[in-house]
Amino acid sequence: TVGSAVARHVRNELAQSGYALFEAELANRVVYAEASIVGRMPIHIDAHSAAARDGEEFAREVRHALGW
């Protein structure tokens, strides 16, 4: 879970080990399971959902890291 003690610990350990981390985090959301059942992406189910925003932010960071 985003922001949990476990998530903070893992992020801290990875950072201390020298891994570059994205700021975006993907929360555990019901829509991910629902989307997989119908073979869609969360953004196609509800473009304004929190899951869609999470995915967009993550994708933006990946594109930036790749220089796109």
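I began with a definition: a salt bridge is a side-chain nitrogen of Lys or Arg within 4 Å of a carboxyl oxygen of Asp or Glu. This is a predicted model, in which local features need pLDDT of at least 70, side-chain atom pairs count only at pLDDT 80 or more, and totals for chains, interfaces and linings use all residues. Residues are numbered from 1 along each chain as its sequence is written, and side-chain values use heavy atoms, leaving out hydrogens and water.

**Entry: salt bridges**

I looked up the count and found 3 salt bridges. Side chains of opposite charge can pair when their charged atoms come close.

I took Arg11 and Glu25, whose side chains meet at 3.8 Å, N to O. This pair links distant parts of the chain, 14 residues apart: Arg11 sits in helix H1, and Glu25 in the loop between H1 and helix H2 (30-38). Helices here are DSSP runs (H or I, at least four residues), numbered from the N terminus.

Next I looked at Arg29 and Asp54, with their closest N and O atoms 2.7 Å apart. Arg29 is in the loop between H1 and H2, Asp54 is in helix H4, and 25 residues separate them. Buried or partly exposed, which is Asp54? Asp54 is buried because its relative accessible area is 15%. For the terms, buried means under 20% relative accessible area, exposed over 50%, and partly exposed in between (1.4 Å probe, protein chains only). Arg29 has 29%, so Arg29 is partly exposed.

Then I checked Glu57 and Arg60, which form a salt bridge at 3.2 Å. Both lie in helix H4, 3 residues apart, about one turn of the helix.

**Entry: Ser49**

I found Ser49 in the loop between helix H3 (42-45) and helix H4 (50-66). Ser49 counts as buried because its relative accessibility is 14%. A polar atom of the Ser49 side chain lies 3.0 Å from the backbone oxygen of Asp46. The Ser49 side chain also reaches the backbone nitrogen of Ala52, at 3.1 Å.

**Entry: the largest pocket**

I asked which helix gives the most to the lining of the largest pocket. H4 does, with 6 residues. The lining residues include Leu26, Tyr32, Met41, Gly55 and Arg63. A pocket is an open set of points on a 1 Å grid over the protein atoms alone, where a 1.4 Å probe fits, with protein on both sides within 12 Å along at least five of seven lines; lining residues have an atom within 4 Å of a point.

Terms used:
Helix = DSSP H or I, 4+ residues; strand = E, 2+ residues; numbered from the N terminus. Polar contact = N/O pair within 3.5 Å; in protein donor to acceptor, adjacent residues only side chain to side chain.
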